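Please look through the sequence and the model below before reading on. The report that follows moves from the overall make-up of the chain to selected details.

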Amino acid sequence: MSRRVSLPGASELFGGAAPKQTKPEKRTTTDSTAGPSTVRSRTAVTDDRKSSGRIRHDTKITVYVTEEELLGLEQTRLALRAEHGLMADRGRIVREAIDVLLADFVDHGPDSVLVRRLKASE
């Protein structure tokens with residue numbers, strides 16, 4: 001006789017298959033007001049940029065952070081919740097930060113925060 005307890009699966013607990021998530025819209029670099037071969041400048045693409053938010057992400061990277069950076073990220077998450085009523089997990093905060101940093105780089109190039117910080121750390 002087995003001592004293992006049989007537990008219900010996710011489908012039994014949640015009444016069927018998990019809800020399907022929609023895929024994010026693909027961003028195009030063509031200007032809809034011009035012909036399909038007209039490509040907008042890289043700066044114009046940032047106007048349409050938006051963090052992917054809470055969707056299923058098919059690509060993963062691993063980033064190692066210091067304990068201090070992780071603590072700062074967690075404190076930011078809690079401050080967003082306590083002071084602004086915003087619920088965001090650490091991944092969402094990181095994706096938003098990446099989006100902001102990349103948009104700043106596209107808009108300001110050599111004067112961007114990213115370039116300045118990387119030069120300072122050399």
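## Terms and overall make-up

Helices (DSSP runs of H or I, at least four residues) and strands (DSSP runs of E, at least two residues) are numbered from the N terminus. This is a predicted model, in which local features need pLDDT of at least 70 and side-chain atom pairs count only at pLDDT 80 or more, while totals for chains, interfaces and linings use all residues. Residues are numbered from 1 along each chain as its sequence is written, and side-chain values use heavy atoms, with hydrogens and water left out.

The chain has five helices and zero strands, so that, in the terms used for helices and strands, its elements run α-α-α-α-α from the N terminus on. Of its 122 residues, 11% count as buried, where buried means under 20% relative accessible area, exposed means over 50%, and partly exposed lies in between (1.4 Å probe, protein chains only). The chain exposes about 11,100 Å², of which carbon and sulfur atoms supply 55%; accessible areas come from the Shrake-Rupley method with a 1.4 Å probe, and for residues only the protein chains shown count as cover.

## Helix 4 against helix 5

Two packed helices are described by the angle between their axes and the distance between the axes. Helix 4 (residues 90-108) and helix 5 (residues 113-120) pack at an angle of about 95 degrees, with their axes 7 Å apart. Here the axes are lines fitted to C-alpha atoms, for helices over the stretch in contact, and angles run from 0 to 180 degrees between N-to-C directions. Helix 4 and helix 5 are therefore roughly perpendicular to each other, since angles under 35 degrees count as roughly parallel, over 145 as roughly antiparallel, 65 to 115 as roughly perpendicular and the rest as oblique.

Contact means heavy atoms within 4.5 Å, and Leu101, Asp104 and Phe105 in helix 4 meet Val113, Leu114 and Val115 in helix 5. By class, this contact has five nonpolar, no polar and one charged residues, where Ala, Val, Leu, Ile, Met, Phe, Trp, Tyr, Cys and Pro count as nonpolar, Asp, Glu, Lys and Arg as charged, and the others, Gly among them, as polar.

## The loop residue Ser112

Ser112 is found in the loop between helix 4 and helix 5, and Ser112 is buried, with a relative accessible area of 0%. Leaving aside its neighbours within four places in sequence, Ser112 is in contact with Asp104 and Phe105. Ser112 and Leu102, ten residues apart in sequence, are 9.1 Å apart in space, C-alpha to C-alpha.

## Salt bridges

The structure holds four salt bridges, each being a side-chain nitrogen of Lys or Arg within 4 Å of a carboxyl oxygen of Asp or Glu. Glu74 forms one with Arg90, the closest N and O atoms being 3.7 Å apart. This pair links distant parts of the chain, with Glu74 in helix 3 (residues 67-84) and Arg90 in helix 4, 16 residues apart. Glu74 is partly exposed at 21% relative accessible area, and Arg90 is partly exposed at 38%. Glu74, Arg77 and Arg90 are linked in a network of salt bridges.

The side chains of Glu96 and Arg92 also meet in a salt bridge (3.5 Å, N to O), and both residues lie in helix 4, four residues apart, about one turn of the helix. Arg56 forms a salt bridge with Asp58, with the closest N and O atoms 3.4 Å apart; Arg56 is exposed at 62% relative accessible area, and Asp58 is exposed at 67%.
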